[in-house]
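Please prepare a short briefing on the structure shown below.

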Amino acid sequence: LVNSVYHLDTTYGKVDIDVIRQVLANKPQNPMRIAVVHHNPIPVVDSDRSTIVNAYGFLKLISEAGCQVLLHGHQHLATSLRVGTATRLVGVGSVNFPPWINTNNQFNILEVGKRIARFRFHADSVSPSHMGNWDRYEEEW
């Protein structure tokens with residue numbers, strides 16, 4: 001778990017790369033490394049200026065350390081991107097709040113190293129219950 005507001009300013013994200021480097025150096029190499037951070041490392045929405053400002057160094061460090069995935073929150077959109085040679089950047093979905101236009105409520109199920117299954121709720125879709133439906137999309141890891 002990585003604190004993206006250690007600097008105590010909630011208007012933008014920033015991680016302490018030196019501390020992360022020290023922690024990784026003192027941990028034995030593990031075949032399963034997952035990093036979790038609140039702020040998204042790359043901009044997703046034009047109006048959001050709160051991304052991690054030192055994201056390049058952070059992403060480079062965790063990729064070189066063998067992290068298989070970086071999970072992030074903050075911007076609740078179905079994002080997926082490969083960083084470095086083996087690290088996946090995956091954004092969290094969001095359930096139970098009114099979404100923006102063209103952004104549906106959603107959640108992800110990750111099978112690390114295998115697949116990402118995304119589920120999106122379409123409230124205006126026709127379904128037998130007339131209450132919308134969940135749409136499933138999968139991508140290979």
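The briefing below goes from the whole chain to single side chains.

This is a predicted model, in which local features need pLDDT of at least 70 and side-chain atom pairs count only at pLDDT 80 or more, while totals for chains, interfaces and linings use all residues. Residues are numbered from 1 along each chain as its sequence is written, and side-chain values use heavy atoms, with hydrogens and water left out.

**Overall make-up**

- The protein has two helices and seven strands, where helices (H or I, at least four residues) and strands (E, at least two) are DSSP runs numbered from the N terminus.
- Their order from the N terminus is α-β-α-β-β-β-β-β-β.
- Of the 141 residues, 38% are buried; buried means under 20% relative accessible area, exposed over 50%, and partly exposed in between (1.4 Å probe, protein chains only).
- The accessible surface is about 8,800 Å², and carbon and sulfur atoms account for 57% of that surface; accessible areas come from the Shrake-Rupley method with a 1.4 Å probe, and for residues only the protein chains shown count as cover.
- Among contacts (heavy atoms within 4.5 Å) between residues at least 6 apart in sequence, 48% join residues at least 24 apart.

**Strand pairing**

- β1 and strand β2 (residues 69–72) run parallel and are joined by four bridges; two strands pair if DSSP finds at least two bridges between them.
- Ile34 has Val69 in β2 as its bridge partner.
- β2 is also joined to β4 by four bridges, and these two strands run parallel.
- Leu71 stands opposite Val90 in β4.
- A right-handed β-α-β unit is formed by β1, α2 and β2; right-handed means that, with the strands pointing away from the viewer, the path from the first strand over the helix to the second runs clockwise.

**Nonpolar core**

- The largest nonpolar core has 16 residues, of which Val15, Val37, Phe58, Ile62 and Leu70 touch the most other members; such a core is a set of buried Ala, Val, Leu, Ile, Met, Phe, Trp, Tyr and Cys residues joined through side-chain atoms within 4.5 Å.
- At least two residues of this core come from each of α1, β1 (34–37) and α2 (55–64).
- The element that gives the most to this core is α2, with five residues.
- Beyond its neighbours within four places in sequence, Val37 has contacts that include Val15, Ile52, Phe58, Leu70 and Leu71.

**Salt bridges**

- There are five salt bridges in the structure; a salt bridge is a side-chain nitrogen of Lys or Arg within 4 Å of a carboxyl oxygen of Asp or Glu.
- Asp18 and Arg21 form one, with the closest N and O atoms 3.3 Å apart.
- Both of these residues lie in helix α1 (residues 17–25), three residues apart, about one turn of the helix.
- Arg21 is partly exposed, at 43% relative accessible area.
- Arg88 and Glu139 meet in another salt bridge, at 2.4 Å from N to O.
- Arg88 is in strand β4 (residues 87–91) and Glu139 in strand β7 (residues 133–140), so this pair ties together parts 51 residues apart in sequence.
- Arg88 is buried, at 4% relative accessible area, and Glu139 is buried at 18%.
- Glu138 forms a salt bridge with Arg115, the closest N and O atoms being 2.6 Å apart.
- Because Glu138 lies in strand β7 and Arg115 in strand β6 (residues 115–122), the pair ties together parts that are 23 residues apart in sequence.
- Glu138 is partly exposed at 38% relative accessibility, as is Arg115 at 25%.
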